[in-house]
Amino acid sequence: MITGYSVATLVVFIISIGFVIYPVSIPTPRRIPRIPINLTTAPILAIAILWAAQCLDPAVIRGGIVGTDGVKPYNILILFFSLAYMAITLDITGILQSAAFWVSNKGGSNGWKLYSYFYIMLTILSICLGNDPVILSGTAFLIYYTKVAELNHISWLMSEFAAANTASMVLFVGNPTNVVICEGFNVNNAAFTAYTILPFIACSVFCFLALGGQYRNKKYVPRKLNHATDLDARSVLLDPIGACVGSFMLASALILCLVVSFFGIDVWKISLPFATAKFIYDVAWDHYRFVRKLPMLGRGQQGPEENGVPSDDVMLQDAQTLPDDSSRYRQSSLPIPTNDKVDSIPNPVVVNNFSPPSSKVFAARWRSKSIALHKRLHAHFPTFFTALPRLPFALVPFAFSQFILIEALSYQGWMDVFGTWLLRATHGDMYRTIWLIGVLGVILCNVSGTNIGATILLTKVVRAASPMLSDQTIRAAAIALAVASNIGAVSFTFSASLAGLLWKGILKQKGIIVKQTTFAYWNALPLVVMMVVGLSVVCAEMAVLYP
């Protein structure tokens, strides 16, 4: 039964989503930082307000953390972070950059051939590693590559974003939304791939055709590149041994996760030990190279007496082999972003004779010592300290907050209401359910605080309506939601996915501003095409499986 508490809960939930999509910061008095209300803080503030208004109780908060109806948030986050650590540390070895150089050489001076090769490479890498590591490395590489080759960056970057997010639907670990679906609908991890492989192939092929159609003008993808160069793929493979070990451990973890899913074992119990073993290897291998003064991540080894972190990057010009002496197209100081680059660290604070009060002096000295310690640790263990800031820590409070808020909606009766609406709209028909859940999934990715929030919400709605739905219809809804939650990232708002926010942030750091309207304009055609094709394939699958 809907009450005033129910209405208040829904209103606060919608307002929190608004701040996720359009973050703001509240001005404060001088010397006090502005208070941000964004993806990290808005859902937490919403929970605090609802708790204060007695719209939820501690049991609801516990349910959002521990999980209900078979969905275990902690399981999802441990699994995701474990695999993310292994994928990011593998990326740090330079293997993705090396693959990009190799593909560039294969493409040569043929613009469309190179464009196709990059799309295929990014698709394959995203299947294996997930979209976030590929977005991190692929975006930075393409920014520099398009500058050197004097290409229009928008067509190449939008293609990369579409390829990475579409490919993440194949494996259950490719996207946190996939894990939510497997947990919420009790879908076997291997079966998930069997269900999504055909929709993925169809979406990927038609997405590329849509991209080719809208970028057919020569100013976006020229038929012949004027400044093609041969790149030395080995020069950016910073740690070949680490790349081999990391690839083996990640592949072993993924295979074992698929196998144990047949026996009902929580997959985080497999991924976490592998991530721990990878961490131990990273620390031990870095220590060995540090003590033996071996090159580390492509840079000279720093001795124990040195506190500084070297700043020399691998230069693109050093990886190029020009066919003639014409070097006027070469960028003189354009670095390829090596993944082991550390954020610049300010110099230690020097306290002079006219220092502030003693408390400030103590704080300055503590900060100076902390900076020096961080620099020494980073020089000693560069793999871990480079990977650490790249882990998606913002996902933790956001994901738990979304689970709690949607649990609050369920507590106030909204899931039963939404489930009833679903039944009235579809009459329990499997094909109507596929299209309704699929289209709603794409839309809600844009308006419900990333595709994670949309997936959690629709999973709860379908489960609320499950007593009146057949098992076949529930399974069809799960696969439709898997397709929608992944292609929904290729959407109209950056906040449709965490990958979109990450992509936008990298571009901004590199001085490239992509407006919201531009992002929506170039994504519109691929998104509509993928949605129609992907959901059609899901309907065809269900027609064959459940005649």
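Visitor: Which residues does His 287 touch, not counting residues up to four places away in sequence?

Guide: This is a predicted model. His 287 is found in helix H12, which spans residues 268-292. Leaving aside residues up to four places away in sequence, His 287 touches His 380 and Phe 381.

Visitor: What distance separates the C-alpha atoms of His 287 and His 380?

Guide: Along the chain, His 287 and His 380 are 93 residues apart. The separation of their C-alpha atoms is 6.4 Å.

Visitor: Is His 287 buried, partly exposed or exposed?

Guide: Buried means under 20% relative accessible area and exposed means over 50%. The relative accessibility of His 287 is 37%, so this residue counts as partly exposed.

Visitor: What share of the contacts in the protein chain with a separation of 6 or more comes from residues 24 or more positions apart?

Guide: The protein chain has 21 helices and 4 strands. Among its contacts with a separation of 6 or more, the share from residues 24 or more positions apart is 78%.

Visitor: How many aromatic pairs does the count come to?

Guide: Rings of Phe, Tyr and Trp pair if their centres lie within 6.5 Å. By this rule the number of aromatic pairs is 24.

Visitor: Why are the rings of Trp 112 and Tyr 115 classed as they are?

Guide: A pair of aromatic rings is described by the distance of the centres and the angle of the planes. For Trp 112 and Tyr 115 the centres are 5.3 Å apart and the planes stand at 75°. Planes over 60 degrees apart count as edge-to-face. The pair of Trp 112 and Tyr 115 is therefore edge-to-face.

Visitor: How is the ring pair of Trp 503 and Phe 519 classed?

Guide: The ring centres of Trp 503 and Phe 519 are 5.6 Å apart. Their planes are at 45°, so the pair is tilted.

Visitor: Which helices hold Trp 503 and Phe 519?

Guide: Both residues are buried. The pair ties together parts 16 residues apart in sequence, because Trp 503 lies in helix H20 and Phe 519 in helix H21.

Technical notes. Residues are numbered from 1 along each chain as its sequence is written. This is a predicted model: local features need pLDDT of at least 70, side-chain atom pairs count only at pLDDT 80 or more; totals for chains, interfaces and linings use all residues. Side-chain values use heavy atoms; hydrogens and water are left out. Rings of Phe, Tyr and Trp (its six-membered ring) pair if their centres lie within 6.5 Å; planes under 30 degrees apart count as stacked, over 60 as edge-to-face and the rest as tilted. Helices (H or I, at least four residues) and strands (E, at least two) are DSSP runs, numbered from the N terminus. Buried means under 20% relative accessible area, exposed over 50%, partly exposed in between (1.4 Å probe, protein chains only). Contact means heavy atoms within 4.5 Å.
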